[in-house]
Amino acid sequence: MQELVLVQPGGISESESAREATQADTRREFEERLAESGPLAYRVARGVLRNTADAEDVAQEALLRAYRQFDRLRDRNRFRAWLVRISFRLALDRLRSGKRREQRDTLWSQPEHQPPAATAEDLAASNEFQAHLENALAELPEKLRLVLLLAAMEGHTIEEIASMLGISTGTVKSRIYYARRQLAEKLRCHANIIKTR
Amino acid sequence: MPCKHYKDALIEAAASDAEPPGELRAHLAGCVDCRAALEQEQALFASIDAGLHVAANAEAPASLLPRVRARLDEEIAPQRRWIQPLIFAAASVVLLFAVFLFARPHSTRPDNQAKQTPQIPASELPTTDVHNPNSVPGTQIVSSNVNSSQTRGHSTLLRPVASNQPEVLVPPDEREALARFVVVLQARREAVVALVTRAKPAKDETASLELLQINGLEIKPLEEQQSEASVGREQRQ
């Protein structure tokens, strides 16, 4: 005689409702960080990709990935650092894939918040300099580039960057210094500023 | 052009945003070219910082967060969409299986063949009058040359006969004899009816016994009979 198992839908719905409650808690907790951290992910991605559409895609993917693994993050205070690393890594992958390079618009060459140039010549010179800066930044080592981008973002102190990346403040300072020096070396010939005698 | 000796010191001073050291400061006070070079170098770093600031603080598109929230909703929704149909499908399968178990016949005995009676030619079978209430309950005899594979594959073919008609377990070699016996029984319907019909229960009445009416008895003496018998013997002798 075969035994039949009677499935009680009530028991399943209870476990499902408990799981949904956990999901709702996670979602609420994540939502609290989303408004602040969303732009951060976007800025990191844009700093690498220099493209609005690509940066938005990457930021969205980084936030989704962060949400999926949100339960694994024990120290929720490190969420921003965690998100920065995810965004930076995804942006680098996107940049390397090069699939959308042809479609990339040149927002870097037409920055939104740049102070208006006095003349058409200044604007052209400014756009040209930004293009060179874009190339120089892309050639920087990853460690230097990330620290430089974070340091350039509003509201990030040296201590915060050090905490975010898990490095000392001295390391942050030295990386910023070398990154700026390398950029200056690459851009000096374009700026044609210093010529030694 | 700045002095070659102070080139690195000028760049260092501009990059670090710090006050030039004493020796460089003294040189700058007397060297116009180096002072101009330092200003240009400081302008270069200022341009770099400005460009970085622009790049690093771009406003996120307004569509970013709504898109992320929509994707988050999609992340959760598919789980709900999949779980409930899965539960209902599993419950339906279990229910169907249970119905199948209860509805299937319990006649999957290995001696299924013995339940089947041999087929009698239709001409030999008497027709049973359905409308006649006295007709014999149908003892339908159906037989077929059943091999084991057919029995397994079409085990439900004979189920109506087995379930609706009386069944008799007969050894295989006696099936034909039984069939002929049934034919005979059906031919002698009255006898069968008498055998099959249940006897009416006797009414519970008190038995009444009538007294025997005995007329007057004539009693003859035994001696005469004995003398007659002895006379007869003497005469035969």
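What percentage of the 197 residues in chain A is buried? Buried residues make up 31%; a residue is buried if 20 or more other C-beta atoms, placed from the backbone, lie within 10 Å of its own.

This is a predicted model, in which local features need pLDDT of at least 70, side-chain atom pairs count only at pLDDT 80 or more, and totals for chains, interfaces and linings use all residues. Residues are numbered from 1 along each chain as its sequence is written, while chains are lettered from A and ligands numbered from 1 in the order in which they are written.

Select chain A. It has seven helices and zero strands. (Helices are DSSP runs of H or I, at least four residues; strands are runs of E, at least two.)

The mean is 79, and 76% of residues reach 70 or more. Go to helix α2 (residues 52–68) of chain A: confidence is highest there, at a mean of 92. Helix α4 (residues 120–138) of chain A is lowest, at 77. Now pick residues 106–114 of chain A, where pLDDT stays under 50. Residues 193–197 of chain A are also below 50.

Move to chain B. Select helix α1 (residues 7–16) and helix α3 (residues 32–56) of chain B. They pack at an angle of about 40 degrees, with axes 9 Å apart. Their crossing is right-handed. Show B:L10 and B:I11, among the α1(B) residues of this contact. Then show B:L38 and B:F45, among those in α3(B). The contact residues divide into nine nonpolar, one polar and one charged.

How values were computed
Axes are lines fitted to C-alpha atoms, for helices over the stretch in contact, and angles run from 0 to 180 degrees between N-to-C directions. A crossing is left-handed if the near helix is turned anticlockwise from the far one by less than a right angle, and right-handed if clockwise. Two residues are in contact if their C-beta atoms, placed from the backbone, lie within 7 Å. Ala, Val, Leu, Ile, Met, Phe, Trp, Tyr, Cys and Pro count as nonpolar, Asp, Glu, Lys and Arg as charged, and the others, Gly among them, as polar. A residue is buried if 20 or more other C-beta atoms lie within 10 Å of its own, exposed if 12 or fewer, and partly exposed in between; C-beta atoms are placed from the backbone. pLDDT is the predictor's confidence in each residue, from 0 to 100.
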